[in-house]
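Please keep the sequence and the structure in view while reading.

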Amino acid sequence: MKATKERITEAARTILVGEGPDAVTMRKVAELAGVTAMAIYKHYPNREALLAAVADRTFDELGEDWGTGAQDGDWETRVMCLLEDFLDFALGRPQLYTFLMTDRRDRARRFPDDFRRNGSPAFARVVELAEEGMRLGLLRPDDPLEIALALTSSTQGLVQLYIGGRVGLEEKDFRALCARTARRVLRGLQA
């Protein structure tokens with residue numbers, strides 16, 4: 001059986017994924033986790049701490065799984081695999097994506113300092129690929145952190161537009177647009 005703290009965190013994330021962060025209340029989480037609302041306070045002092053734990057845990061899990069689908073491919077294939085993993089996450093769980101990536105939160109990771117300290121395990125994979133691309137002579141020498149930002153920001157912007165209903169494409173066509181855009185950015189960064 002899972003520990004109480006883990007059940008509480010999972011319950012909060014389940015609610016967040018289905019209904020958004022505003023729906024995450026201590027009472028609702030307690031009901032789903034099978035504990036009393038007061039029991040939550042033994043593990044988390046407040047709702048913000050619980051949501052921060054959800055964010056930290058999700059980022060850690062994303063970092064573990066991100067890019068594992070094409071570990072043996074060539075460099076560009078691995079970059080594009082990261083893009084696909086990102087789109088799977090963002091489009092598959094838009095409420096969670098928005099909470100993690102765009103909602104204002106006190107403990108949200110901030111560029112550049114938190115990212116330089118490996119504060120985002122998922123983003124660290126992109127930084128590693130940028131460093132590798134420069135070592136291999138595929139990318140011009142530059143700041144790996146900023147290269148990673150350049151590689152990811154266009155897709156993040158497109159996802160925001162898509163989730164907001166501003167892109168009138170079916171998901172398959174939207175994914176193809178993201179891939180074309182990422183390849184254009186890659187061509188601009190190549191050595």
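Is C81 buried or exposed? C81 counts as buried, because its relative accessibility is 12% and the cut-off for buried is under 20%. The model is predicted, and every value here is computed from it.

## Cysteines

A search of the whole structure turns up 0 disulfides. C81 takes part in no disulfide. The nearest cysteine sulfur to that of C81 belongs to C178, 15 Å away.

What holds for C178? Its closest cysteine sulfur is in C81, and at 15 Å that is too far for a bond. A disulfide needs the two sulfur atoms within 2.5 Å. C178 is buried as well, with a relative accessible area of 0%.

## Helix 5

C81 is one of the buried residues of helix 5. This helix covers residues 75–92, 18 residues in total. From its first C-alpha to its last, helix 5 reaches 26 Å. That is close to the 26 Å expected at 1.5 Å a residue.

The buried set of helix 5 includes W75, R78, V79 and M80. Also among them are L82, L83, F86, L87, F89, A90 and L91. Which helices do these buried residues pack against? They pack against helix 4, helix 6 (94–101), helix 8 (121–135), helix 9 (144–163) and helix 10 (171–189).

## T58 in helix 4

T58 lies in helix 4. T58 is buried, because its relative accessible area is 1%, under the 20% cut-off.

Which residues does T58 touch, leaving aside those up to four places away in sequence? They are R13, F89, L96 and L100. Of these, F89 is also listed among the buried residues of helix 5.

## Helix 2

Helix 2 runs over residues 26–33. M26, V29, A30 and A33 are its buried residues. They lie on the same side of helix 2, because they cover an arc of only 100 degrees around the axis. On the other side of helix 2, R27 and E31 are exposed.

What covers the buried residues of helix 2? The cover includes helix 1 (4–19), helix 3 (37–40) and helix 4 (47–65). After helix 2 comes G34. The phi of G34 is positive, near 75 degrees.

Technical notes:
Residues are numbered from 1 along each chain as its sequence is written. This is a predicted model: local features need pLDDT of at least 70, side-chain atom pairs count only at pLDDT 80 or more; totals for chains, interfaces and linings use all residues. Side-chain values use heavy atoms; hydrogens and water are left out. Buried means under 20% relative accessible area, exposed over 50%, partly exposed in between (1.4 Å probe, protein chains only). Helices (H or I, at least four residues) and strands (E, at least two) are DSSP runs, numbered from the N terminus. The arc is that of the directions from the helix axis to the C-beta atoms. Contact means heavy atoms within 4.5 Å. The expected span of a helix is 1.5 Å times one less than its number of residues.
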